[in-house]
Every structure is written in C-alpha cells, then in structure tokens.
Amino acid sequence: MYVGENESAKFWLSIMNGLKNRGVEDILIACVDGLSGFPQAIEAVYPETEIQQCIIHQIRNSTKFVSYKDIKKLMSDLKLVYAAPTEETALNELELFKDKWDGKYPKIYKSWNDNWATLSTYFKYSEAVRRLIYTTNAIEGFNRQLRKVTKSKTVFPSDDSLLKMLYLAAMDITKKWTGHRQDWGQIHSQLEIYFEERLAGRNL
C-alpha cells in the first residue's frame with residue numbers, strides 16, 4: 001500500500017520502480033482506471049506491458065452528465081461499442097454512436113476516441129480473457145470495504161496511522177478470499193499461447 005499527496009506520473013513511476021526492485025520481472029496486461037500519468041509510468045518500467053483502460057471507469061466518466069431520460073438508450077448504444085466481437089465492428093459502432101449522440105453529448109465520443117488505444121486492447125483476446133480483463137468487481141469490492149473503515153474517521157493523525165488501519169482491514173478482508181475462477185484453466189492456457197515468448201522458461 002502507498003500513500004501519496006497526488007497521483008502524478010512521478011508518483012506512479014516510483015511505485016513501478018518499487019515493484020521492479022522487489023522482483024516483479026514482467027507484467028503482461030495492466031488494467032488502469034484512467035489516472036493521469038499511470039500508463040506512461042508502466043510503459044517506462046515495463047515497456048512490453050499491454051495497457052487496458054478500465055471500461056467500467058470509462059463508462060462512468062463519460063456518462064455522468066447524461067440526462068436521466070437519455071441514459072438507457074445511450075447506454076444501449078454504447079454497449080454495442082465495448083461489447084463488439086471485433087475492434088473493427090467496435091469502431092463502426094462508435095461512429096454510429098457519434099452520428100446519433102454527438103449533437104447532444106459531444107464529450108462522450110471524444111473521450112472514447114481519444115482513449116481508444118488503451119480502451120481497445122482487449123479486443124484481441126477471447127471472451128474468457130476479455131471478461132478477466134474488464135470485470136473489476138473483485139477490485140471494486142475490495143476498495144468499497146476499505147472505504148467502509150475510513151469513512152467514519154475523516155482525519156488521521158499521520159499517514160502511518162492510516163496505513164496501519166488499512167493493513168488490518170485488508171488482512172480481515174482477504175481471509176474470506178477462498179474462491180477461484182472456474183474458467184482459470186482455459187484463460188491460463190490461452191495466455192500461455194498469447195505470451196509464449198515472454199513466458200518461456202517460467203513456471204507459472
């Protein structure tokens with residue numbers, strides 16, 4: 001766990017270098033939530049890592065100002081983009097989305113188009129691997145439980161006291177982590193093929 005005054009590229013670079021120094025040799029796919037400077041920091045330390053921007057965060061950020069009466073139809077059209085079977089189909093659907101909604105909500109298309117390089121990474125993988133990449137429920141659930149223990153106390157005497165509380169909470173939360181993905185064998189075998197050269201000689 002890390003405490004920083006702001007989430008700058010310099011902050012993320014220090015974390016990436018810390019992971020490297022502690023023995024993390026490679027990262028195959030990194031899922032990030034659109035924080036400024038994070039992809040650049042990962043690429044600086046792990047240049048071969050594939051960056052996938054979190055689809056859930058992208059949807060939240062790009063639809064937070066959509067009118068209630070439009071949200072259902074707009075989300076249905078947006079799903080045709082991120083749930084498309086191929087990247088080519090997704091790009092076509094994105095253009096259709098622009099034609100339909102750009103007059104009313106121009107920032108949505110612009111955001112997806114500007115971030116497409118990191119939003120579209122997962123299209124090269126099978127459905128099982130895609131779900132692993134863009135389903136962030138486990139992470140969101142973990143963060144939600146951490147917020148529960150901190151929201152009742154708005155001020156901490158020091159960063160160290162905050163870290164201790166989060167550490168103890170994390171230990172309690174992870175005791176319940178006894179399940180596993182039923183399709184992990186399928187995902188693992190596919191990743192071994194996708195990243196065959198980088199995984200050669202490693203016992204994973």
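This report covers the strands, aromatic pairs and salt bridges of a predicted model.

Strand 1 (29–32) and strand 2 (residues 50–53) run parallel and are joined by four bridges. Within this pairing, Ile29 stands opposite Glu50 of strand 2, and Ala30 has Ile51 as its bridge partner in strand 2.

The faces of the strands can be described residue by residue. In strand 1, Ala30 and Val32 make up a covered face, while Ile29 and Cys31 make up an uncovered one. Strand 2 is covered on both faces. Glu50 and Gln52 lie on one side of strand 2, Ile51 and Gln53 lie on the other, and all four are buried.

## Aromatic pairs

A pair of aromatic rings is described by the distance of the centres and the angle of the planes. The structure holds nine aromatic pairs. One of them is formed by Trp12 and Phe38, with ring centres 4.0 Å apart and planes at 15°. Planes under 30 degrees apart count as stacked, so the pair of Trp12 and Phe38 is a stacked one. Trp12 belongs to helix 1 (residues 9–21) and Phe38 to helix 2 (residues 38–45), so the pair ties together parts that are 26 residues apart in sequence. Trp12 and Phe38 are both buried. Ring pairs also bring in Phe11, which forms a cluster with Trp12 and Phe38.

A tilted pair is formed by Tyr125 and Phe195, at 6.4 Å centre to centre and 35° between the planes. Tyr125 and Phe195 are 70 residues apart, and their pair links distant parts of the chain. Tyr125 sits in the loop between helix 7 (116–119) and helix 8 (127–134). Phe195 sits in the loop between helix 11 (184–194) and helix 12 (196–199). Both Tyr125 and Phe195 are buried.

## Salt bridges

Side chains of opposite charge can pair when their charged atoms come close. The count of salt bridges comes to nine. Among them is the bridge between Asp26 and Arg198, whose closest N and O atoms are 2.9 Å apart. This bridge links distant parts of the chain, its residues being 172 apart: Asp26 is in the loop between helix 1 and strand 1, and Arg198 is in helix 12. Asp26 has a relative accessibility of 22% and so counts as partly exposed. Arg198 is buried, because its relative accessible area of 15% is under the 20% limit.

Two further bridges lie within helices. Lys110 and Asp114 meet through their side chains at 2.7 Å, N to O. They are four residues apart in helix 6 (residues 106–114), so about one helical turn separates them. Lys110 and Asp114 are both exposed. In helix 8, Glu127 and Arg131 are also four residues apart, about one turn of the helix. The closest N and O atoms of Glu127 and Arg131 are 3.8 Å apart in their salt bridge. Glu127, at 43% relative accessibility, counts as partly exposed, and Arg131, with a relative accessible area of 33%, is partly exposed as well.

A network of salt bridges links Lys69, Asp70 and Lys104.

## Helix 4 and Ser76

Helix 4 spans residues 68–82 and contains Ser76. With a relative accessibility of 44%, Ser76 counts as partly exposed. From C-alpha to C-alpha, Ser76 and Pro39 are 29 Å apart in space, and the two are 37 residues apart in sequence.

Note on methods: Residues are numbered from 1 along each chain as its sequence is written. This is a predicted model: local features need pLDDT of at least 70, side-chain atom pairs count only at pLDDT 80 or more; totals for chains, interfaces and linings use all residues. Side-chain values use heavy atoms; hydrogens and water are left out. Rings of Phe, Tyr and Trp (its six-membered ring) pair if their centres lie within 6.5 Å; planes under 30 degrees apart count as stacked, over 60 as edge-to-face and the rest as tilted. Helices (H or I, at least four residues) and strands (E, at least two) are DSSP runs, numbered from the N terminus. Buried means under 20% relative accessible area, exposed over 50%, partly exposed in between (1.4 Å probe, protein chains only). A salt bridge is a side-chain nitrogen of Lys or Arg within 4 Å of a carboxyl oxygen of Asp or Glu. Two strands pair if DSSP finds at least two bridges between them.
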